[in-house]
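Hi,

Here is the structure I promised to pass on.

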Amino acid sequence: MLEAHDITVRLARSEILQGVSVTAEPGQLTAICGPNGSGKTTLLRAMTGDLPYTGRVTLNGHDIALLQPWELAAMRGVLPQASALAFPFTVLEVVEIGLSRGRAAGQSRAALQALARVDLAHHAARPYQSLSGGEQQRAQLARVLAQVGAPSEAGAPRWLFLDEPVSALDIAHQLEVMQIARDFADAGGGVVAVMHDLNLTAMFADHIALLSRGQVLAAGRVTEVMTSDTLSRAYGCQLRVGAAPPPGTPFLLPHAARLAAE
Amino acid sequence: MVALTDPAALDAPAPPDRLARARRLTLWLALLLVAVALTSLTVGATGVQLIDVARSLVSGEELTRMERVVLLDIRLPRLVMGLAVGAALAVSGAVMQGLFRNPLADPGIVGVSAGAGLGAILAIVLGSLLPPALLGIAGAHLVPLAAFLGGWISTLLLYRVATRRGQTSVATMLLAGIALAALSGAVSGVLVYLADDTQLRDLTFWGLGSLAGASWTKLAAALPILLIAMAGAMLLGRALNALALGEATAAHIGIPVQRMKRLAILCVAAATGAAVAVSGGIGFIGIVVPHLLRLASGPDHRALLPNAALLGASLLVGADMISRSVVAPAELPIGIVTAVLGAPVFLWILLRQRGAVDL
């Protein structure tokens, strides 16, 4: 269980978040949505301990402010929006950096498996810096997966915090990455993801916390939050949530297409 | 799961293991170090040959007084100092580059050596003004200690100025280094006016960098600091690897980032400070050595740091042999030799980096 209670973040004297409270359950994919500047990433970064905040964040019952970095790292992995790398490490070496015990037996294997999971095993020996932006994002996801390991162990769920995990990806890899997150949750882990794409969110998430101007506008199950009225209010434009597109409008919902085929 | 993963990919041959290669390299570098060290003992202005000495020792003959003085009091301390200073400079360079996340960072280039030099000069010129009791306690350690403090303050200043939210601006770092070096130079200039003749001779020696002043007394003061600083640096391997991904990610991986940064800064300051205190401003070792090693076996700091110590030691002792033999029986200041060897490498890195790095 992840509980963020009454989180306030001030950056450069302005309040980015004002008393935000959200919870996320293990076994579920919780999406943080909202317009630009609504505080999505700030909330995620507060919950991963990257930003000073007032309030209280507990992960599996532990106040994260009281945990050592390595204790937190054993419980959760964090995928940032973008990662610059300083030295010419290979893709595999980047993934191995996330592994805690250097290179005990099987560690390299775990790293390779994580790379295979994100469809990058064939690039393992390449310099990370030579990958495209989207490939780098997937390599970082592999690093996070290798660090976290099993979605839950001895009844304690592990957590993934993903900051716009699909923003740089093509449509096939968007689906693949979201499916990885979905599988992690289905296996008992917890996933918290900052999402821009509302259609992908609707397809993969269980819960949504919808932010607007540093506050929670709505939170709950996807069907409860994703209503025309709520979304229109959050994003400040006319939005219509429908179960089917208007006749004659081309549309693309690949996940829905797959579900229909099954 | 979406079936994009090729199951055969897992069975493909594992990519080359650069860490294992780097560990093998460690062995070769250790052999190189032994070879260079032995050669260095045989090179010198006098005709004393290591092989003769070894023969005398084996056959039980007494060493001549000349042989003993040349080997034990001149060449040996100089060799030990060369090894320790070379290792310390190379390790400092590797740690700074990891800390600043940039292969161009080097204690000499960004003004840490200048700060350490200023500390040393202050100690030489103003040390006699200290109360005799305090001077008695500090003794031979005063100059290394002052150099360490100077290096430490400059590193802290530099890090404050050049790093914002875990990101280091290369331009700011280099410019701050220039400012620090200029400031140290100005204060040193003032001190030169205050200095008497003996002090002046000591000061001139800082500017050029040399191992000629090596003695067991100096070693006794500097060697413990150098060894402790390098031992501390060896603990930083995994942290520096993680820092390559940025401070936030390093913390996510479980690295106590602030603690590791403090340790890194302390090690760089201590190693550079003690090295500058005994041998003056010897440049470029810290930039050339880690760069060559990264080309040979990758950037993994767990192997890079020990390998840098070994190669740095060999390189400086090798440069010292050149400095002693090119214009024998006089000698070239070693700082000149390392600059001639190192500056082109620095420019080469700059050229390769242009475009890749946001200067």
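**Where the two chains meet**

Chain B and chain A bury about 3,300 Å² between them, 63% of it on carbon and sulfur atoms. Buried area here is the accessible area (1.4 Å probe) that two parts lose on being put together, summed over both. In terms of residues, 35 of chain B are in contact with 43 of chain A, where contact means heavy atoms within 4.5 Å.

Before going on, some housekeeping: this is a predicted model, in which local features need pLDDT of at least 70 and side-chain atom pairs count only at pLDDT 80 or more, while totals for chains, interfaces and linings use all residues. Residues are numbered from 1 along each chain as its sequence is written, chains are lettered from A and ligands numbered from 1 in the order in which they are written, and side-chain values use heavy atoms, with hydrogens and water left out.

**Salt bridges**

How many salt bridges are there between chain B and chain A? The count is one, taking a salt bridge as a side-chain nitrogen of Lys or Arg within 4 Å of a carboxyl oxygen of Asp or Glu. The side chains of A:E93 and B:R18 form it, at 2.6 Å from N to O. Over all chains, the count comes to 12 salt bridges. The A:E93 pair crosses between chains, running from helix α3 (residues 91-97) of chain A to helix α2 (residues 18-42) of chain B. Helices are DSSP runs (H or I, at least four residues), numbered from the N terminus.

**A helix pair in chain A**

Helix α5 (residues 133-148) and helix α6 (residues 171-186) of chain A have axes that come within 12 Å and cross at roughly 15 degrees. Axes are lines fitted to C-alpha atoms over the stretch in contact, and angles run from 0 to 180 degrees between N-to-C directions. That makes α5(A) roughly parallel to α6(A), a word used for angles under 35 degrees. On the α5(A) side, A:R138, A:L141, A:L145 and A:V148 meet A:H173, A:V177, A:I180 and A:F184 of α6(A).

**A helix pair in chain B**

Helix α7 (residues 142-162) and helix α13 (residues 257-279) of chain B pack at an angle of about 140 degrees, with their axes 7 Å apart. Among the residues making the contact are B:F148 and B:W152 of α7(B) and B:I265 and B:L266 of α13(B).

Cheers

Conventions: Helices (H or I, at least four residues) and strands (E, at least two) are DSSP runs, numbered from the N terminus. Angles under 35 degrees count as roughly parallel, over 145 as roughly antiparallel, 65 to 115 as roughly perpendicular and the rest as oblique.
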